[in-house]
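Here are a few exercises to work through with the model open beside you. Try each task before you read its solution.

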Amino acid sequence: MKDTEGYVTADGRQIGGTLMEMRNITLRFGGVVAIQDISFDIREGEVRAIIGPNGAGKSSMLNVISGFYTPSEGEVWYKGAKRPPMKPFEVARQGVARTFQNIALFEGMTVLDNVMTGRLTHMNAGIASQALWWGKARDEEMENREKVERVIDFLEIQNIRKTPVGRLPYGLKKRVELARALAAEPSILLLDEPMAGMNVEEKEDMSRFILDVNDEFGTTICLIEHDMGVVMDLSDRVVVMDYGKKIGDGTPDEVRNNQDVIDAYLGVPH
Amino acid sequence: MLNDIFIAPFVDMFTAPDFLMQVLWEGLVSGILYALIALGFVLIFRSSRIFNFAQGIMVVFAALTLVGLFAMGIPAWISVGLTLVVMFVLAVAIERVVLRPLVGQPDIILFMATIGITLFLIGFGETIFGGENKVMITEELGIPTGDTVLEPFGGLLILQHLDITVVVVATLLVLGLLAFLNYTQMGRAIRALGDDHQAALSVGISLQTIWVLVWFIAGIIALVTGIAWGARAGVSFALEVIAYKALPVLMLGGLESITGAIVGGLMIGILEKLFEIYWGQPLLGGNTETWFAFVLALIVLLFRPQGLFGERIIERV
Ligand SMILES: Nc1ncnc2c1ncn2[C@@H]1O[C@H](COP(=O)(O)OP(=O)(O)O)[C@@H](O)[C@H]1O
Ligand SMILES: [Mg+2]
């Protein structure tokens, strides 16, 4: 459901209406206010970034979107409807896939199996049918395998398909995590610092993959970064957070010239 | 003395290879059951960090239910099906009534809750089925009872048909479980949950579904081991001890390792039998099978604290 008109980006991509909307979200941990009355929207097909210094509350926001945290106040709207309180696995089944700031993979399982778990949101065959490797389960397994192989090819990790994830270097793990999220064919893909801890070359690869995903599949992406430089070229619109508050929201150019944002990043006391 | 420990047993093995094969075979029969039970523990532990103290009583409960249903005049194989239904209902009930409300509590609380389940099942089982010993419905289930005599190396090897059936069925069940865990989406979900809770949630895995599933698998395992063990020893609350035989297997194989449970179970079944026959009986007056496995596990742990197949030595921080 679209309740707003879209817009056309500088590079000519058509962005759709609102897919997800955060309305006056506040999140408290005891006395700590991690998020304070923040509202913003994510539109269909866009790359939306949330940036801000460490501790600004970016990961908390992503956790609210993906259902890992329940906001103390405020509403989450998704596909035109207010979302009732939900467990993370239910949110995942609604087409919200994510990666984690500190990579969360199934270390004992192979790359292929890890990416296959991304298809769990599309599981329809019952347990009995799976246990007995019966009709529907088998068809589904084949279909899942096909889709997963396509994602694996797309992210250029064919050569490590059968490697246990625990043995992979950091940069590749990040890519496998992206593959697993992508395998879910999500309506919205949430990436928590996808480039953190990477070297320059790995960062370039990851940027390219993110843009390709958005281009090729039209996937809506919401990504978090603390490093301002990296995301400016990637994103269509940027939310800037600092100390749990929203201090800026707009195109990369608008945000770059916003005095509050400049102050926050230069560490001006406030 | 040194001769008795280090030389004579091996001479015996060498000079009577048919008898050695007999011993190994009997070790294998026990071992595969230990492996199966240990697998039940591992699946539950991996997906919920719970050490399931109730596994033993589940064996008793499954066997009692089967025999009890049959005694009510229900045909044997239909009784098996109904017992499976009962074990499924039990799994759902445990998830709803015990696990779900206690989620997030310290592991030791959940462990104590499984002791509670054990006590409940003992009381409940006695009320419904009575406390007296019963006979497993071996023949009624069509399990063959005779034996086959082979003559390897010109000697004698007696294979009980019951044992052959147990080995075949248990092996199929273990292989089936492995295939389920490795090649189906539900199986991957079970393994995934064991590896990383957060990540599992993020790909849409429901803890509750998996918990019911692993407890139901433990119930299936309980029924199979209950039939196999009950066919030899009768059906009574003493059947519970089969589950304790899995403890040293877990010490050896690790609480989280599926391979460890299988290899560890087979190893302990075979080694304890070998030790009993070639060392225990001649040197220690026998009856070593009750404790040998624990001592073996302790010795191995001295040298390999992570167990034989420990997957994780480093504490996660
Ligand atoms: N689970 C939690 N419990 C308590 N405090 C938390 C929790 N998660 C985040 N916080 C706090 O919320 C604030 C924002 O953290 P976070 O969202 O991780 O920031 P960012 O991702 O922008 O670096 C921090 O002060 C952090 O300590
Ligand atoms: Mg963060």
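**Exercise 1.** Find which helix holds L302(B), then work out which surface patch that residue belongs to.

*Solution.* Step one: L302(B) sits in helix α13 of chain B, where helices are DSSP runs of H or I with at least four residues, strands are E runs of at least two, and both are numbered from the N terminus. This is a predicted model, so local features need pLDDT of at least 70 and side-chain atom pairs count only at pLDDT 80 or more, while totals for chains, interfaces and linings use all residues. Residues are numbered from 1 along each chain as its sequence is written, chains are lettered from A and ligands numbered from 1 in the order written, and side-chain values use heavy atoms, leaving out hydrogens and water.

Step two: L302(B) is part of a nonpolar surface patch along with L283(B), L284(B), W291(B), V295(B), I299(B) and F303(B). Together they have about 720 Å² of accessible area (Shrake-Rupley, 1.4 Å probe, with only the protein chains shown as cover for residues). Patch members have over 30% relative accessible area and no salt bridge; nonpolar side chains (Val, Leu, Ile, Met, Phe, Trp, Tyr) are joined within 5 Å, like charges within 9 Å.

Step three: α13(B) gives the largest share, four residues.

**Exercise 2.** How much area do chain A and chain B bury between them?

*Solution.* Start with contacts (heavy atoms within 4.5 Å): 29 residues of chain A touch 23 of chain B. The two chains bury about 2300 Å², 63% of it on carbon and sulfur atoms; buried area is the accessible area (1.4 Å probe) lost on being put together, summed over both parts. On chain A's side, F106(A), L120(A) and I127(A) lose the most, together 23% of what that side buries.

**Exercise 3.** Track down salt bridges, between the chains and within chain A.

*Solution.* The rule wants a side-chain nitrogen of Lys or Arg within 4 Å of a carboxyl oxygen of Asp or Glu. Over all chains that gives 33, and between chain A and chain B the count is three. One pair is D113(A) with R188(B), at 3.0 Å from N to O. Inside chain A, R237(A) pairs with D41(A), also with 3.0 Å between the closest N and O atoms. That pair joins strand β11 to strand β4, 196 residues apart.
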